[in-house]
Every structure is written in structure tokens, then in C-alpha cells.
Amino acid sequence: MFPQAATVDPDRLIALLPLAEPTGTRHVGANDVDNIEAFAAALARQDYMGDTGWSRAAAVAQLRAALLLLEAQVPAAVRPRLLVATGSLALMAGYLSFQADDHDAARRLWAVGLDLAHDSGDPRGADLTVYLLYDMGLQAVELDRPDEALRFVQLGHTSLPRGHSR
């Protein structure tokens with residue numbers, strides 16, 4: 001038996017939290033992108049270990065914060081990495097939503113990822129597109145939509161850059 005926990009009102013505590021939106025002019029650099037990439041990688045590691053209970057909410061919150069950075073001042077050399085890193089967060093948030101059987105949220109999050117991957121102009125954006133389309137295909141299989149799944153897999157296959165292993 002677990003000891004009786006003190007009475008805590010989570011709603012009251014959440015109401016005390018400040019808004020997480022950045023204020024003023026924000027400059028985004030390579031270190032900021034490194035942090036986003038590291039967070040996405042940490043979510044993937046937790047997912048592989050089967051520990052995803054709190055990760056979905058954290059992924060969505062981090063994605064929301066990263067999307068706000070797209071309006072900041074970002075050096076041209078860093079912007080493609082920022083878009084791919086943010087798209088990777090959308091991939092993970094979508095996959096975690098898929099695992100939680102929130103299929104509508106998963107599809108919307110993957111659509112965000114597809115937009116970011118496409119707009120990145122970075123070669124890794126093409127790889128991210130393939131991962132997103134394959135996850136969407138996996139979801140279609142789960143929802144017993146084999147024709148839709150096949151279309152996503154075919155799209156992913158044709159989205160592979162030249163020289164990639166098929």
C-alpha cells in the first residue's frame with residue numbers, strides 16, 4: 001500500500017506557472033537548435049525503452065515552444081537545422097500521440113512535421129519526410145486502411161533522395 005499523499009491541487013499549481021512564450025526580440029543560434037535536437041533524441045530514447053507516459057505532453061509543449069522560435073531572428077545558416085529539429089519534435093509528438101491512440105492529434109502533428117521538413121531545404125528534411133510518411137502509413141495499417149497505408153509507403157519511397165538505400 002502506498003502512503004497517503006498530501007492534498008495537492010494541480011490546477012492551482014498550473015495556474016501559478018508563467019506563460020512560456022518568449023518575450024522581446026529573440027535571437028536563435030546553433031546552441032538553441034542543439035537543445036531542440038537533443039530533446040527530440042531524448043524522446044526517441046525514452047520511446048525505445050517503452051517509457052512514454054509523460055513524454056507526449058512534454059513533446060507537444062516543447063514543439064509549441066520551438067514553433068515560436070520560427071518567428072525569431074535566425075541566421076540563414078541555422079534556419080534549415082531549426083526547421084528539421086522542430087520537424088523531428090513533431091515526428092516524435094505525433095508518434096507518441098499515435099501510441100496513445102489519439103490518431104487525430106498524431107495526424108495533425110505529422111502534418112506540422114511535413115511542412116517543416118519541406119520548408120527546410122535541408123537534405124535531412126527529405127529523410128524526415130520519409131520517416132513521417134512511413135509513420136502515417138503505420139497508423140493507416142493500425143486503422144485498417146491498407147490502401148491509404150500503401151499510398152503513404154509509396155510516397156515515402158518516392159520521396160527518398162537519389163543515392164539513398166531503398
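This is a predicted model: local features need pLDDT of at least 70, side-chain atom pairs count only at pLDDT 80 or more; totals for chains, interfaces and linings use all residues.
Residues are numbered from 1 along each chain as its sequence is written, and side-chain values use heavy atoms, with hydrogens and water left out.

The largest nonpolar core comprises 24 residues. A nonpolar core is here a set of buried Ala, Val, Leu, Ile, Met, Phe, Trp, Tyr and Cys residues joined through side-chain atoms within 4.5 Å, where buried denotes under 20% relative accessible area, exposed over 50%, and partly exposed the range in between (1.4 Å probe, protein chains only). Val28, Ile36, Leu43, Leu82 and Leu89 have the most contacts inside this core. Two or more residues are given to this core by each of helix H2 (30–48), helix H3 (55–69), H4 and H5; H4 gives the most, with 8 residues. Helices are DSSP runs of H or I with at least four residues, numbered from the N terminus. Isoleucine 36 touches Gln62, Ala66, Leu69, Leu82, Ala85, Thr86 and Leu89, residues up to four places away in sequence not being counted; contact requires heavy atoms within 4.5 Å. A second, separate core has 11 residues, including Phe98, Trp110, Leu128 and Leu132.

Glutamate 142 lies in helix H6 (residues 123–142) and is exposed because its relative accessibility is 52%. Beyond its neighbours within four places in sequence, glutamate 142 contacts Phe98 and His103. Glutamate 142 and phenylalanine 98 are 44 residues apart along the chain, with 9.5 Å between their C-alpha atoms.

Aspartate 101, in the loop between helix H4 (79–99) and helix H5 (103–120), has a phi of about 65° although it is not a glycine. Its relative accessible area is 55%, and aspartate 101 is therefore exposed. Aspartate 144 is placed in the loop between H6 and helix H7 (146–159); its phi is positive, near 60°. With a relative accessible area of 65%, aspartate 144 is likewise exposed.

On the surface, Val8, Leu13 and Leu16 form a nonpolar patch with about 290 Å² of accessible area together. Patch members have over 30% relative accessible area and no salt bridge, nonpolar side chains (Val, Leu, Ile, Met, Phe, Trp, Tyr) being joined within 5 Å and like charges within 9 Å. A salt bridge places a side-chain nitrogen of Lys or Arg within 4 Å of a carboxyl oxygen of Asp or Glu. Accessible areas follow the Shrake-Rupley method with a 1.4 Å probe, only the protein chains shown counting as cover for residues. Valine 8 belongs to the segment before helix H1 (10–16) and is exposed, at 52% relative accessibility.
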